[in-house]
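Reader: I am new to this structure. Please take a close look at one part for me, the place where the two chains meet.

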Amino acid sequence: MLTDFAIIFTLILGVWLFGRPRNARLGNLAAAAALLCALGVVLYRSPVTEPVIVVSALALGGLAGWAVSVRVNMTQIPAMVAFQNGAGGLAAFLVSFVELARQDALVTTTAKTAGILGLVVGAATFSGSMIASGKLAGLVRQTPIVFSKHGSILLGTAAVIAIWGVVAATGAGPAVVWSLSILVVLSVLLGIVFSMRIGGADMPVLISFLNATSGLAAALCGIIIQNRLLIACGAPVAASGSILTYFMCKAMNRRLIAVFVGIQMQAKPLGSESAEDAPSASEPASETATVPTSETPRQQDPFVQAVEAVRGADSVVVVPGYGMALAHAQFETVRLADRLQAAGKTVKFAVHPIAGRMPGHMHVLLAEAEVDPDMLAEIDEINPHFPSTDLAVIVGACDVVNPAAIEVSGTPISGMPIMEAPNAKQLVVCNLDEKPGYSGVDNPLYADPKTILLLGDAKATLGRLLENLKPETQSAE
Amino acid sequence: MPEVLLMLSVFVIVFLIGYLLISKVPPRLHTPLMSMTNAISGVTVLGALLLFSVESGTLVKGLGALAIASAAFNLVGGFAITNRMLKMFKKRKRSA
């Protein structure tokens with residue numbers, strides 16, 4: 001009892017430490033230590049019958065987890081987290097399955113109910129996370145896949161699961177294994193149908209939600225085996241997932257239901273994924289971008305204009321988007337910012353909470369490129385400064401800077417707080433193409449006379465830009 | 001029945017404490033936060049280990065081994081990747 005309490009306390013301590021960037025790493029280690037102790041305690045209390053199987057399964061899973069975590073790059077983090085989440089869901093529903101199938105006389109009604117719920121939540125988390133991971137890794141089409149009557153199918157599956165759950169719970173004898181198996185299949189189906197229709201910029205909400213359900217599945221699993229540690233560990237996960245789900249919805253000014261039911265996503269044909277999401281559409285920068293802006297009397301190469309704009313600006317705000325992640329351009333972006341700062345300019349990064357494919361994704365990418373933490377600014381902090389900003393550099397972002405969100409009503413992004421980059425005196429946009437972002441809403445910013453469009457791969461564009469800025473600022477690296 | 005109440009209250013109390021603490025985590029740590037909590041949900045490995053505390057058939061052993069392996073994958077991978085990310089966060093900028 002006391003040991004359990006100490007372990008739970010360490011875990012909470014870890015979560016508490018996590019609140020401050022300086023202590024976060026220690027917090028993570030504390031949580032890991034808590035779980036390691038829990039593992040030791042459980043093994044000590046109830047010795048296993050098959051040590052060879054247990055140890056090799058532990059080693060195999062652990063080593064695989066380690067190996068993957070060392071290799072994965074930061075752009076792939078969302079896919080990785082979703083995959084791990086799925087693995088957790090798999091373990092949770094397997095444990096519930098076996099415990100229920102054993103039909104111990106000890107199993108109470110509560111435990112049985114928890115077990116059935118854990119089985120359903122775990123299995124749906126498993127399949128939902130795998131679909132999400134596939135989408136994020138580019139193995140499954142990223143745009144939402146919507147069946148006709150998708151909502152009815154979803155609700156129907158859920159209803160059948162509810163009824164079948166009762167059947168499986170009240171059943172007895174060898175038939176239970178079969179009814180449980182059917183329940184697993186139905187739940188896996190539910191997870192697939194559920195997450196298939198969510199895509200693109202809604203992925204952060206989906207991942208956060210699945211994070212919460214995996215915690216719930218673990219806690220429910222703890223109720224059936226009457227293990228406090230499992231319950232106590234599942235709870236903060238459920239809490240964290242819920243909070244992040246709420247934050248992400250708030251950042252988009254959308255309700256959870258709207259994201260899950262996807263009512264708003266019909267504005268444009270599904271083919272038009274984010275401007276930055278369509279690698280096939282890459283065009284040579286000069287050809288498409290020679291549309292003369294009204295300010296320039298002669299047709300001028302936008303690239304030359306951009307170089308001048310960057311040189312002339314005293315204050316610069318960089319707005320990164322998922323396109324930066326896709327182009328792996330975070331290093332060039334940060335290098336540009338560093339060089340400009342070294343040349344005496346004020347440089348800030350404006351990070352929109354939903355930029356990227358999971359909460360905080362942009363921050364991880366910029367951290368990977370060793371960004372100066374003092375340059376990072378949140379949306380509320382930076383927005384009042386845009387009117388006095390000489391130059392906003394947009395790197396692979398579309399919807400989060402789309403003025404239509406504020407000016408036009410009735411679009412999927414209407415009402416979403418945006419980075420008010422359009423208020424800056426001049427803009428340089430390094431996007432792959434002029435296609436609308438994930439929401440399908442055209443971005444009037446592209447046609448704005450103060451915008452200099454540098455279409456094409458952001459990594460290449462920024463590389464060229466850096467190259468051309470060299471003479472004036474000297475090598476600042 | 002009291003056992004049920006105890007379990008429920010453990011869940012509710014830890015959930016609430018977690019909620020209070022986690023809502024203060026700054027947005028720039030949200031990805032590592034999710035990655036860490038994700039690792040914590042690998043706690044199901046305990047449940048999977050307990051499946052082996054009594055004698056059982058081949059099917060249960062197979063499912064149990066699969067559960068242990070995937071939970072361990074989640075657990076180790078999650079903490080390791082969180083640590084890697086946080087290490088990056090800690091790194092100071094190169095001297096410009």
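Author: Chain A and chain B bury about 8,600 Å² between them, where buried area is the accessible area (1.4 Å probe) that two parts lose on being put together, summed over both. Of this, 76% is on carbon and sulfur atoms. In chain A, the most area is lost to chain B by Phe18(A), Arg25(A) and Glu370(A), together 8% of what that side buries.

This is a predicted model, in which local features need pLDDT of at least 70, side-chain atom pairs count only at pLDDT 80 or more, and totals for chains, interfaces and linings use all residues. Residues are numbered from 1 along each chain as its sequence is written, chains are lettered from A and ligands numbered from 1 in the order in which they are written, and side-chain values use heavy atoms, with hydrogens and water left out.

Chain A brings 110 residues to the contact and chain B brings 79; contact means heavy atoms within 4.5 Å. One salt bridge is counted between the chains. Glu50(A) forms a salt bridge with Lys61(B), their closest N and O atoms 2.8 Å apart. The term needs a side-chain nitrogen of Lys or Arg within 4 Å of a carboxyl oxygen of Asp or Glu.

H4(A) gives the most to the side of chain A that touches chain B: 17 residues. Helices here are DSSP runs (H or I, at least four residues), numbered from the N terminus. By class, that side has 70 nonpolar, 27 polar and 13 charged residues. Ala, Val, Leu, Ile, Met, Phe, Trp, Tyr, Cys and Pro count as nonpolar, Asp, Glu, Lys and Arg as charged, and the others, Gly among them, as polar.

How values were computed: Helix = DSSP H or I, 4+ residues; strand = E, 2+ residues; numbered from the N terminus.
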